[in-house]
Amino acid sequence: MVGDQSARAEAVGSSVDSYVELIIGHFGGTFNDIRYAGNAIARSDLRKASFWQKYTDESDTLSFSYYDMYRNLRISNLTDEELQRATGDGLNPAEWEKVGRQELESKIRAARDDLAYYSKADMKEFMTRSDVKLVVEGASITFADRATNLLGSKLATDLVAQGYIDRYFTLYTSTFPGDRVNANAMNFILKNVDVGSKDLFFKLTAAEAKAVLKERPRISASGKAAYNLDFVNYLLSDVEAATARAAVLTNLRRYGDDEKQFLQAFLTSDLNAIKLARELAGTWADIILSLIDDLEFEDTLRLQLVDAALSGLMPDVEYAVSDTVSVYLSAHYAELDSLIAGSGKPAVIAQFLKTGNVEIPDLSVLSPGVRSAVVSAEQFAVSRSNLLIAVAPHTDLSLDSIKKVSPSAYRRAIRSVGDYIDSLHDAEPSISDPAAFIDIITDIDKIDRAGLPAVVGKSAPECRVEVLEEVTAGTWRALAIHDRFPPTFANVVSYVEEWGIDANLATPLGSGRLDVPASTEEDAKRELALQLVRSAGAIPSAELRASLIESLHLESMLDAASIPPEDGEWIGRLIERGVIADSAESFSLLNDDDWAGLQFAIGVSSELPSFLDSEILPSGLIPSFLDSNSIPFSLKSAVVGRFDEFAEGAERAVIVRMAGFALDQNVSIEWPAVVRTAQARAGSSVVLRLVQQFGDSVTIEHLRPILTALGGDYPQLLSANGTHPKVPNTPENIALLQRMQRLGTVNTYSEAGLVLKANMKRS
């Protein structure tokens, strides 16, 4: 029997036993014991499937021990190859089932072939077959020997051997009155039943079909001859033919070419096709699949046949369904009496719909019994009208209410959360009872986590979770995005450990304050703080992040090295909240081109004047620095006063802007700054105005690099060379010429319109 491996295990064990005895006999030894994994086992274990399963799974060594002729104990291992040669079988019981099934199927095929042969063969053939034996009084003899013994006459035996005497001999030699089997029925028996040949359209009356069944009660219903339209139609109409009808229905389930040809002919005939479809449905798993996917009908007939089959479905059959079947039923459910009039078994029909995942769009068209079964099977589309029908007479569509009224409708609703939410009116909550909130969101998390945010967002405001650890982690994001848990330290840490700091968590953190118990360990607080400093992607607001970190009440400030750089207010907010020190190290986190960030940090810093340098204020930001209304004048003056330091490597525009600020605000600068300004070609007006600030302390040596950098005729003013240089007629140039007169290089100068003409002394 397939599934029972005891016989095969017995055979395998016996073969191994014999093999061991053969080997020991060859050595002239005496058997001692069988061992597995080095331990002795009962010899009978070899005959148990459980042992061979263990052997296959664990792959330990099977061995035997024996005493040789000198009484020395020897141990010999048995390899897999030896065992398989000895047994002729695989050693894995899991494979025995497959092998056993193949052997059984082979025997069944052989038996069917024999049945097909014996149903058609005549005595003439049997006379020539030496392999066809009969058992007579315990002895096996050939058919020819049996015929010779029975007939006695050689002539009679020869007539059988030549085919002159066959199975119908008595019919030929007898007077047939025709009161039981008329000529037409007998003709059907002779040409079809007895030889196993089908004739779909051989005409039989009900009486003739009944006579055929009575004359050949077994073979008329079990062979292909039964595939006759009139014969099967009779079987369907006579309650006394139930046994034969069952045999034919069983054969039709094979659904080979002959069966398909018969069904196509019968179901499209004017015979009792509807009843046949209903009868087949009681035992044939593929009935509806065949009616829709395979057999060819016009639309109206197909609908009638499918309806009949649905009404005949039975609970103990696992019916096959395809996508085509599912689509067909979804399109035609409202036209099927089995669904709208309740002509079948509602629970079985609902289970069939479930197998095909057919969801009824409109429950209102179904019969009450089918409707109830479909709701119980959860096979309906989620819509407002269907949900109201499912929970009638109640009208509350909140999930907690649906769950109380109809658990199956509740399960269906949470499987299609999006459709459920769409079915609610604006003022209707998805969950109204806070006590049911946790259970419901936990249920949804198991089925449709992506749909949770919509359900949580539409639930009553009172639906909250105070402690996140009381619900599954899968629900936390939906709770966070709708601010349905308090931002306690424990809740936030749990969330961050599971999901990190994300945009959803930003919602409950929006207050900027964490509820941190005084007993919270410092290490835990610092760990969360470090998570927050890296959360810009989820919490864009620098002010909010800094406020949250401040609310942790850290015992000491965070290291500047632990802070990721970020443009904007970030660094300034951390300084402002006391999260990091107001120091050069903190300011160094600002990017060189981040003026907005630097400006904000300057505004909140009280210590900046003590460490401000060109690393913190790069030359490229100086124009913005000097133009800003939020930067104190004292700080601007301090920077310009350190002109040479901050202008190092600066572009011309920056130097001009610094020089202009010094002139406009009367800020004193050092002489090297004037030289730098001149060398930057800031323009003679700016440079000479700066020179004027130094008055008579300016010497020829001071002016040499200045006038050289200004170019034009200016360098001629440095020595008594008798030339007549010209410079623009401006106040600062007049002051310059006057200073040069005092220094002894210029004799006189005169105005000539827009220029001043100097007369240089001669050496």
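Figure 1. The buried residues of helix H40 are Val686, Val687, Leu688, Leu690 and Val691, where buried means under 20% relative accessible area, exposed over 50% and partly exposed in between (1.4 Å probe, protein chains only). Helices (H or I, at least four residues) and strands (E, at least two) are DSSP runs, numbered from the N terminus. The cover over these H40 residues includes helix H38 (652-664), H39, H41 and H42, contact being defined as heavy atoms within 4.5 Å. The model shown is predicted: local features need pLDDT of at least 70, side-chain atom pairs count only at pLDDT 80 or more, and totals for chains, interfaces and linings use all residues. Residues are numbered from 1 along each chain as its sequence is written, and side-chain values use heavy atoms, with hydrogens and water left out.

**Figure 2. Glycine 683 in the loop between H39 and H40.** Glycine 683 is found in this loop. It counts as partly exposed because its relative accessibility is 29%. Valine 656 stands 27 residues from glycine 683 along the chain, and the C-alpha atoms of the two are separated by 8.6 Å.

**Figure 3. Helix H41 and the glycine that follows.** Helix H41 spans residues 700-710, and its buried residues are Ile700, Leu703, Ile706, Leu707, Ala709 and Leu710. An α-helix has 3.6 residues a turn, so residues three or four places apart point the same way. Helix H39 (671-679), helix H40 (684-692) and helix H42 (731-743) are among the elements that cover the buried residues of H41. Just after H41, glycine 711 takes a positive phi of about 75°.

**Figure 4. Arginine 35 in strand S1.** Strand S1 covers residues 30-36 and contains arginine 35. This arginine counts as buried because its relative accessibility is 18%. The side chain of arginine 35 makes a polar contact (3.0 Å) with the side chain of aspartate 33. A polar contact is a pair of N or O atoms within 3.5 Å; within protein, one must be able to donate a hydrogen and the other to accept it, and residues adjacent in sequence count only if both atoms are side-chain atoms. Leaving aside neighbours within four places in sequence, arginine 35 touches Ala40, Ile41, Thr61, Leu62, Ser63, Ser65, Leu73 and Ile75.

**Figure 5. Glutamate 566 in the loop between H31 and H32.** The loop that holds glutamate 566 runs between helix H31 (542-550) and helix H32 (570-576). Glutamate 566 has a relative accessible area of 18% and is therefore buried. A polar contact of 2.7 Å joins its side chain to the side chain of arginine 545. Apart from neighbours within four places in sequence, glutamate 566 is in contact with Ala536, Ala542, Arg545 and Asp594.

**Figure 6. The packing of helices H9 and H10.** Helix H9 (residues 183-193) and helix H10 (residues 206-215) pack at an angle of about 50°, with their axes 9 Å apart. Axes are lines fitted to C-alpha atoms, for helices over the stretch in contact, and angles run from 0 to 180 degrees between N-to-C directions. H9 is therefore oblique to H10; angles under 35 degrees count as roughly parallel, over 145 as roughly antiparallel, 65 to 115 as roughly perpendicular and the rest as oblique. From H9, Asn184, Ala185, Phe188, Ile189 and Val193 meet Glu208, Val212 and Glu215 of H10.
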